[in-house]
Amino acid sequence: DGKCFHILGVDIIIDENLQPWLLEINANPSLNIFFETKDEKNKDITIESPIDRYVKTLVVEDAIKMILQHREELDTIDSFGSYRLVVRTDGPDSSLFSEISLFYDVQKVFEKLSGVRFKIILPSIKFIKLSRIPGMSNEKLTPADFDIIYQKVSRISEHNQMDIYGFIIALEMIAKALYPSFEDDKSYYMAELLTVINLSLIHI
């Protein structure tokens, strides 16, 4: 219904050449408009930041106003209040959103397999469950290969086990073995693989 939104905090630093550099992106940015300082007697005091008040009031107020608009109207505009459209989901840069969505889908499969949300490690016994899914093996990919894949990606992990990034690499290795045309459209075949996994995961 177009009513979902997420305010992110983007921290950047600008160098002497006015080149912006991304430091981090906060999923839960502070909306606090006060900061602590010292008064003339060197006592701790809390005062309001005029800049924070101005910027954060605009961010929150316009976000609330925006979600009250009809979805069809938002799809056709390039700006709203203090907000400016950066990338259209249906434009030339739409592949960026496809990749973000793909990563989110991979993360959901990772969590389903591990059985714990936000778990950073996937044990081999959990990963090998994938080999029991129909369509997840062929002459190039046998059930025994899943254990080999797990060992390979675990060696490059700082945890010496499979983390989410190793899981992505493992899925790419599986997709490459299952789909001969994988290199032609990696995102498409990764999405296909995730569909197969999600349809079967509840049964293994």
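A salt bridge here is a side-chain nitrogen of Lys or Arg within 4 Å of a carboxyl oxygen of Asp or Glu. By that rule, the side chains of Lys186 and Glu183 meet in a salt bridge, at 3.6 Å from N to O. The model is predicted, so to speak with care: local features need pLDDT of at least 70, side-chain atom pairs count only at pLDDT 80 or more, and totals for chains, interfaces and linings use all residues. Residues are numbered from 1 along each chain as its sequence is written, and side-chain values use heavy atoms, with hydrogens and water left out.

**Salt bridges**

- The count of salt bridges comes to seven.
- Another of the salt bridges joins Asp105 and Lys108, whose closest N and O atoms are 3.8 Å apart.
- Asp105 and Lys108 are separated by about one helical turn, because they sit three residues apart in helix α3 (residues 94-114).
- Helices (H or I, at least four residues) and strands (E, at least two) are DSSP runs, numbered from the N terminus.
- Asp105 counts as partly exposed at 24% relative accessibility, and Lys108 is partly exposed at 36%.

**Nonpolar surface patch**

- Leu8, Val10, Ile12, Ile14, Leu18, Leu22 and Ile25 form a nonpolar patch on the surface, and together they have about 720 Å² of accessible area.
- Patch members have over 30% relative accessible area and no salt bridge; nonpolar side chains (Val, Leu, Ile, Met, Phe, Trp, Tyr) are joined within 5 Å, and like charges within 9 Å.
- The areas come from the Shrake-Rupley method with a 1.4 Å probe, and for residues only the protein chains shown count as cover.
- Ile25 lies in strand β2 and is exposed, with a relative accessible area of 51%.

**Positive phi angles**

- Most residues other than glycine have a negative phi.
- Leu18, a patch member, has a positive phi of about 65 degrees although it is not a glycine.
- Leu18 is found in the loop between β1 and β2 and is exposed at 69% relative accessibility.
- Asn42, also not a glycine, has a positive phi of about 65 degrees.
- Asn42 lies in the loop between β3 (34-38) and β4 (44-48), and Asn42 is exposed, with a relative accessible area of 55%.

**Second largest pocket**

- About 410 Å³ of space lies in the second largest pocket.
- Of its 15 lining residues, Leu8, Gly9, Val10, Val55 and Val59 are the closest to its centre.
- The elements that give two or more residues to this lining are β1 (9-14) and α1 (50-67), and α1 gives the most, with four.- A pocket is an open set of points on a 1 Å grid over the protein atoms alone, where a 1.4 Å probe fits, with protein on both sides within 12 Å along at least five of seven lines; lining residues have an atom within 4 Å of a point.
- Grid points are joined across faces, edges and corners, and the volume is the space filled by probe spheres set on the points.

Conventions. Buried < 20%, exposed > 50% of the residue type's maximum accessible area, 1.4 Å probe, protein only.
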